[in-house]
Amino acid sequence: MNAVEQAYREHWARLLAILTAELRDLDLAEESLQDAFAAAVPAWPPVPDNPPAWLLTAARRRAVSRLRHMAVAARKLPLLVVDEPQAGDDLLSLIFTCCHPALSMEARVALTLRCVGGLGTRQIARLFLVGEATMAARITRAKKKISQAGIPYRVPSGPELVARRDGVLAVLYLIFTEGYAAAEGEDLIRTEPAAQAIALARMLAALMPHDSEVGALLALMMLHHARRDARLDERGRIVTLAEQDRGRWHREEIAEALGLLRPGPPGLYQVQAAIAAEHASALLPQDTDWTAIAQLYELLEALTGSAVVRLNRAVAVAESQGPADGLELLAGLEERLPRHHLLPATRAELLRRLGRLEEAVEEYGKALALVGTAPEREFLQSRRATLHP
């Protein structure tokens with residue numbers, strides 16, 4: 001990695017945050033910073049003693065030049081070379097601006113990856129399986145929305161902070177989920193978006209070190225991601241949690257994640273992280289405390305009212321109390337999860353364990369009609385093929 005690439009990875013988000021704070025124009029800040037990095041390619045070597053200060057000064061000069069061409073007074077912009085920039089509050093402001101609720105969730109995700117993650121439009125388009133032109137238009141619309149709607153560039157405070165923080169966490173978790181369990185395509189697991197979400201969450205946790213929910217989300221994603229090498233076999237087929245080679249789990253990542261968990265009032269991500277911690281702490285499948293997991297899912301359902309949580313709770317109850325009790329919890333979920341393949345897939349597994357094989361075959365068929373990824377489809381087909389009602 002050359003010096004410019006390293007500077008881009010290490011300083012892009014902080015410098016963009018500083019410039020956006022000064023210019024109050026995300027588009028202008030991003031274009032000026034891109035120009036500065038482009039100018040650094042022929043100018044380095046020699047690498048300056050303070051690369052981020054060099055880049056910030058170059059970006060400011062380009063912003064002034066752009067403003068002059070727009071007949072806007074440039075005297076308001078400082079042009080001094082500064083020491084290492086301090087951009088904690090500015091970076092938080094950038095994150096909260098990118099994740100503003102006035103933007104669609106798709107726009108929030110794209111803008112966060114572009115501005116905070118430093119990813120190019122082509123990379124973001126590839127992550128979410130859309131064309132580059134489509135993603136470019138999405139990012140452009142988001143920036144225009146910020147400008148036209150007068151979205152404030154600031155960190156919210158008081159009750160608004162909690163609500164807005166939850167929106168930021170939801171964006172990061174959505175990015176992670178697209179990598180951890182893709183909704184469609186040939187690949188179930190794509191490590192790049194999952195790793196990017198974890199990197200962004202690390203950044204947020206460093207900026208908000210005393211927020212237990214921020215730390216819990218980071219821990220939750222790390223605990224899931226630590227199992228990545230064991231979730232598929234050498235042919236790309238799904239390996240169930242009970243059958244995974246736990247020696248392939250990244251134990252050092254699990255230990256780090258467990259260390260991030262802090263006591264506090266039960267929140268959405270704290271409870272989910274506690275569930276993931278129960279799974280990750282079990283050295284053998286039979287060591288899993290399914291009773292504790294079922295109780296945690298019950299608490300999570302009370303917090304969220306989510307039908308997906310009820311589905312997961314049913315699985316835990318089936319393990320701790322038996323498949324009949326788990327099946328009972330699935331009753332009535334069709335209306336709430338009409339297109340969710342895991343509902344009939346779960347029902348099929350529980351019916352299978354109860355010996356109701358004809359019903360299980362029917363449910364596998366329903367799941368196959370809804371499933372979106374090739375590995376999951378192959379898994380369901382293999383499970384159905386073993387039944388001979």
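Predicted model: local features only at pLDDT ≥ 70, side-chain atom pairs only at ≥ 80, totals over all residues.
Reader: Thanks! What joins the side chains of H341 and E376?

Author: A polar contact does, at 3.1 Å.

Reader: Where is H341 found?

Author: In the loop between helix 15, residues 323-329, and helix 16, residues 342-353.

Reader: And is H341 buried or exposed?

Author: H341 is buried: its relative accessible area is 13%, and the cut-off for buried is under 20%.

Reader: Nice. Switching to rings now: how many aromatic pairs does the structure hold?

Author: There are 6 aromatic pairs. One of them is formed by W12 and F37.

Reader: What is the geometry of W12 and F37, centre to centre and between the planes?

Author: The centres are 6.0 Å apart, with 40° between the planes, and the pair is tilted.

Reader: Which parts does that pair tie together?

Author: W12 lies in helix 1 (residues 3-23) and F37 in helix 2 (residues 26-43), so the pair ties together parts that are 25 residues apart in sequence.

Reader: Are W12 and F37 buried or exposed?

Author: W12 is buried, with a relative accessible area of 1%. F37 counts as buried too, at 6% relative accessibility.

Reader: Last one: which residues do ring pairs link into a cluster with W12 and F37?

Author: That would be Y8: ring pairs link Y8, W12 and F37 into a cluster.

Note on methods. Residues numbered from 1 in each chain as written. Heavy atoms only, no water. Helix = DSSP H or I, 4+ residues; strand = E, 2+ residues; numbered from the N terminus. Buried < 20%, exposed > 50% of the residue type's maximum accessible area, 1.4 Å probe, protein only. Polar contact = N/O pair within 3.5 Å; in protein donor to acceptor, adjacent residues only side chain to side chain. Phe/Tyr/Trp six-rings, centres within 6.5 Å; stacked < 30°, edge-to-face > 60°.
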